[in-house]
Amino acid sequence: MSKCVVTEPSSFEEAMEDPAWVDAMVEEYDSIVRNSAWEIVPRLEGKSVVGLIWIYKVKKAANESVEKYKARFVA
């Protein structure tokens with residue numbers, strides 16, 4: 001019996017090539033907007049900007065099947 005191996009993308013560009021990861025990123029973005037988690041403001045002169053990155057994880061069920069593609073947008 002062979003298993004299907006699902007890998008997590010190592011970059012945003014790589015994730016954009018797979019519709020499952022795109023859906024996960026859209027779900028995360030919608031959650032951020034719906035919960036008013038962030039407020040975008042103009043950058044103040046002489047102040048640093050917080051960097052952001054996408055984190056990708058494959059959540060598996062007890063039988064090792066893919067349960068969910070999870071994308072998080074973190075500072």
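This is a predicted model: local features need pLDDT of at least 70, side-chain atom pairs count only at pLDDT 80 or more; totals for chains, interfaces and linings use all residues.

Visitor: How do you know that the span of helix α2 agrees with its number of residues?

Guide: Helix α2 runs over residues 19-34, which makes 16 residues.

Visitor: What is found at the start of α2?

Guide: A side-chain oxygen of Asp18 comes within 2.9 Å of the backbone nitrogen of Ala20. The cut-off for a polar contact is 3.5 Å, so this N and O pair falls inside that distance. After α2 comes Ser36, with a positive phi near 50 degrees.

Visitor: Which residues of α2 are buried?

Guide: They are Trp21, Ala24, Met25, Glu28 and Ile32. Their arc around the axis is only 95 degrees, which puts them on the same side of α2. Pro19, Asp23 and Arg34 are exposed on the other side. The buried residues pack against α1 (12-15), β1 (53-60) and β2 (66-74).

Visitor: Why is Glu28 called buried?

Guide: Its relative accessibility is 9%. Buried means under 20%, so Glu28 qualifies. Beyond its neighbours within four places in sequence, Glu28 is in contact with Trp54, Ala71, Arg72 and Phe73.

Visitor: Which residues make up the largest nonpolar core?

Guide: There are eight: Ala15, Trp21, Ala24, Met25, Trp54, Tyr56, Val58 and Ala71.

Visitor: What does Trp21 touch, leaving aside neighbours within four places in sequence?

Guide: Trp21 is in contact with Thr7, Glu8, Pro9, Ala15, Tyr56, Lys57, Val58, Tyr69 and Lys70.

Visitor: How many aromatic pairs does a search of the whole structure find?

Guide: The search finds five. One of them joins Trp21 and Tyr56.

Visitor: Why is the pair of Trp21 and Tyr56 called edge-to-face?

Guide: Two values describe a pair of aromatic rings: the distance of the centres and the angle of the planes. Here the centres are 5.5 Å apart, and pairing requires them within 6.5 Å. The planes stand at 75 degrees. Edge-to-face means over 60, so the label holds.

Visitor: What does this pair tie together?

Guide: Trp21 lies in helix α2 and Tyr56 in strand β1, so the pair ties parts that are 35 residues apart in sequence. Both Trp21 and Tyr56 are buried. They also belong to one aromatic cluster with Trp38, Trp54, Tyr69 and Phe73.

Notes:
Residues are numbered from 1 along each chain as its sequence is written. Side-chain values use heavy atoms; hydrogens and water are left out. Helices (H or I, at least four residues) and strands (E, at least two) are DSSP runs, numbered from the N terminus. The expected span of a helix is 1.5 Å times one less than its number of residues. Buried means under 20% relative accessible area, exposed over 50%, partly exposed in between (1.4 Å probe, protein chains only). The arc is that of the directions from the helix axis to the C-beta atoms. Contact means heavy atoms within 4.5 Å. A polar contact is a pair of N or O atoms within 3.5 Å; within protein, one must be able to donate a hydrogen and the other to accept it, and residues adjacent in sequence count only if both atoms are side-chain atoms. A nonpolar core is a set of buried Ala, Val, Leu, Ile, Met, Phe, Trp, Tyr and Cys residues joined through side-chain atoms within 4.5 Å. Rings of Phe, Tyr and Trp (its six-membered ring) pair if their centres lie within 6.5 Å; planes under 30 degrees apart count as stacked, over 60 as edge-to-face and the rest as tilted.
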